[in-house]
Amino acid sequence: MTENNSSSSSSSPPLQRVGAVSSEDLQRQLQRDQMLRWLILLGIPAASTIVLAWFKLTPDPLGFGIMIMAGTWMMLNFISARAWQQVSNMAELFAIDPEQAEARIAIVLKSKPLARQVRLLTWHRLATLRHQQKDFDQTIAVCQSVLIYPLRNVHAVRQHLLLMLTEAQLARGDAYGAYMSLSELSHQQLSLTHSLQKLALQTRYLLMVGYDEAALSDLPGKVKMAELMPTLQCGALHVLFYVAASRSGQTPQADWLNERSRLLLSEKQYDDILQSLSMPTVTPGELL
Amino acid sequence: MNQRATPTFKPPSPEQVTDHLRRCAPRVSRAWVTQLPLILLLVAAGMTLFAQNALTAILPWLILIGVVAYAVIRVRHVRTIQSRVMRISEWTQLEQHERATRAIWKMLPVVQMMPELHGRLVALMAHNLDRLTAWPAAEVAYDYLIQRMPADHPGSIQLQLQRTVLQLFNDELTSADTNLRKLRPLAMEMSASPISATYHYAALLQQVSTFHYADAVAENKDELVDRLRPLGVEAGHGYALMAWSCYQLSLREPESTTWMQQARDWWHKATLLLSTQKLLARQDELKALAAQIAYKAQSQDEQVVEEIVEQNTAQDLEEVHQLLDDQVILEPESHEQPIQTPEKPSPSLLDLVQSVEPPAVSSHEEAAQTDEAATDHDVANDDSPQDDTQVDDTQQIKEQKHD
């Protein structure tokens with residue numbers, strides 16, 4: 001699954017890369033981790049207890065064996081914690097040096113045995129990286145692989161995976177998949193940031209399937225939510241609403257939204273967003 | 001914690017903020033404290049090797065259970081605090097500034113051992129106090145953060161710029177000027193970023209604060225929209241300043257209509273992004289411009305409507321005459337329904353006249369009435385100081401109209 005990057009300069013060692021992955025890879029890794037952990041957790045204390053009892057080194061070999069088991073458990077967790085430190089705060093690295101970030105993920109994925117939660121969270125980081133690289137096929141594959149397994153105490157990660165999955169599905173034109181992901185998201189209690197992201201994705205989905213009226217329902221509330229987003233996303237959402245309003249013939253709203261979006265976005269950004277939607281601005285009634 | 005704003009809420013004073021920040025300064029735990037669980041575990045392991053009696057046999061297990069229980073409780077405690085800080089951050093985003101400020105005040109002593117969360121909370125406090133127009137107190141919080149960050153860090157530059165804006169609001173013009181000169185090269189390096197946009201807003205605010213309206217207009221006329229774009233809807237405050245500058249120039253040159261037209265255009269842009277209430281909450285001197293533009297628009301509307309009313313009345317009169325003529329012709333044949341001159345205008349005319357009622361005036365009158373009637377009101381919805389002056393403005397406008 002991991003491979004070396006041949007394009008790296010000859011002076012520094014080549015950066016490791018994570019190749020294409022599937023749900024089978026994750027399943028195999030989790031099984032291997034579990035097997036190794038049990039082997040170490042039971043094997044080392046058992047061996048120590050036998051040795052201590054054989055040579056009569058302590059009056060209570062069983063108690064000492066259990067203490068060694070506790071120590072082994074802590075050591076295994078320490079290995080996982082060290083691995084997690086490598087990939088925990090990668091947001092900046094994703095933006096600055098994605099290759100370095102990928103190399104780090106590759107190293108962590110190779111280390112074993114990892115705690116199940118750490119393995120799943122490292123895959124989440126991989127999904128984030130692929131999503132930023134706009135490799136939507138791999139994003140879908142990684143997100144779907146991780147979402148099979150329950151993520152205890154990290155609901156935010158599950159929600160983030162669903163959001164990335166929805167966006168990748170929308171980018172691939174998979175309306176049915178996006179609908180399923182969005183409906184799963186709507187059953188969860190989202191943070192404000194995730195709610196805003198969901199609003200943007202939901203609007204894109206509604207426009208994609210032609211539910212312009214639904215996209216415009218509670219428009220003032222949605223616009224207020226959009227204002228909480230960063231400028232570019234706020235402007236992009238205004239463009240989506242503008243397209244919906246102009247297609248459904250709501251000219252005053254369309255004009256107002258268009259005027260706002262032109263203040264929020266530069267000419268190029270505005271054109272790019274329209275182009276990315278593949279939805280040309282239409283005069284009211286043209287598409288009806 | 002109070003869910004709603006109460007009438008007793010008052011933003012803290014700068015001295016209170018200074019005291020509270022001093023009392024709740026972040027602390028770093030000693031090395032041996034962080035290593036204590038590991039040391040205890042090693043001691044427990046050693047004790048099992050030399051267990052002689054029941055006490056030395058049980059004690060290691062008690063230590064082990066104690067360490068694990070402590071770790072679990074500690075993790076839960078940290079998670080709870082993190083989720084609380086996240087909630088405060090959401091309240092700040094949702095503009096529930098009073099609620100957020102209260103929560104931050106209570107949370108600061110709790111996060112003393114977590115420097116990262118402490119810094120985040122102080123930044124949120126500065127922002128909330130800024131929005132509550134407690135500018136001197138907000139300046140104290142910004143100062144606290146700036147002193148603890150590297151001067152050329154982008155985060156620090158942004159904070160320094162925000163502090164400069166507050167200095168301008170607080171009429172500390174000399175300090176603001178020094179800071180702006182210092183920050184200019186750093187901000188210019190990051191074009192089309194929130195930092196450069198904040199710089200341009202601060203520079204415009206400085207020109208307006210020092211009455212250099214012509215300079216403000218000349219320097220920003222063509223590029224202000226591009227410059228302030230990274231601020232998002234907050235750019236509306238900058239457009240309002242530009243409108244104010246144009247309005248001031250129109251007062252200097254009353255014969256020229258272009259300045260007033262430009263003021264109207266910029267004000268339109270500002271109100272497209274932000275409500276008039278929000279614009280005035282930040283800078284109440286803009287009320288005069290808001291009232292002027294509302295009055296102009298109203299008077300223009302009235303002029304148009306009067307023309308329509310005149311036309312309609314003329315049409316109606318013609319129709320009445322026509323009917324009368326017809327009646328005269330028809331009179332010999334039918335006496336059943338005598339024609340009567342209408343005493344009140346037709347419903348269409350009434351609708352038109354009602355639509356002429358200026359919404360601003362009526363809403364302020366309503367607000368004034370409700371203010372008088374209200375005995376127990378919520379501070380969150382209480383913008384009576386603005387309303388009072390606006391009612392005065394509108395009454396003045398009414399008097400002018402009567403004259």
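Mentor: Let's start with a term: helices (H or I, at least four residues) and strands (E, at least two) are DSSP runs, numbered from the N terminus. By that numbering, B:Arg229 is found in the loop between α11 (224–228) and α12 (235–252) of chain B. One caution: this is a predicted model, where local features need pLDDT of at least 70, side-chain atom pairs count only at pLDDT 80 or more, and totals for chains, interfaces and linings use all residues. Residues are numbered from 1 along each chain as its sequence is written, chains are lettered from A in the order in which they are written, and side-chain values use heavy atoms, with hydrogens and water left out.

Trainee: Why is B:Arg229 called buried?

Mentor: Buried means under 20% relative accessible area, exposed over 50%, and partly exposed in between (1.4 Å probe, protein chains only). B:Arg229 has a relative accessible area of 11%, so it's buried.

Trainee: Then what makes A:Lys134 exposed?

Mentor: Its relative accessibility is 59%, so A:Lys134 counts as exposed. You'll find A:Lys134 in the loop between α5 and α6 (136–147) of chain A. A:Lys134 also has a positive phi of about 60 degrees, although it is not a glycine.

Trainee: Why point out that phi?

Mentor: Because most residues other than glycine have a negative phi, and most peptide bonds are trans.

Trainee: How do you know that the side chain of B:Arg229 makes a polar contact with A:Arg262?

Mentor: A polar contact is a pair of N or O atoms within 3.5 Å; within protein, one must be able to donate a hydrogen and the other to accept it, and residues adjacent in sequence count only if both atoms are side-chain atoms. Between chain B and chain A, nine residue pairs are in polar contact (both at pLDDT 80 or more).

Trainee: How many salt bridges are there across the interface of chain B and chain A?

Mentor: Zero, by the rule. A salt bridge needs a side-chain nitrogen of Lys or Arg within 4 Å of a carboxyl oxygen of Asp or Glu.
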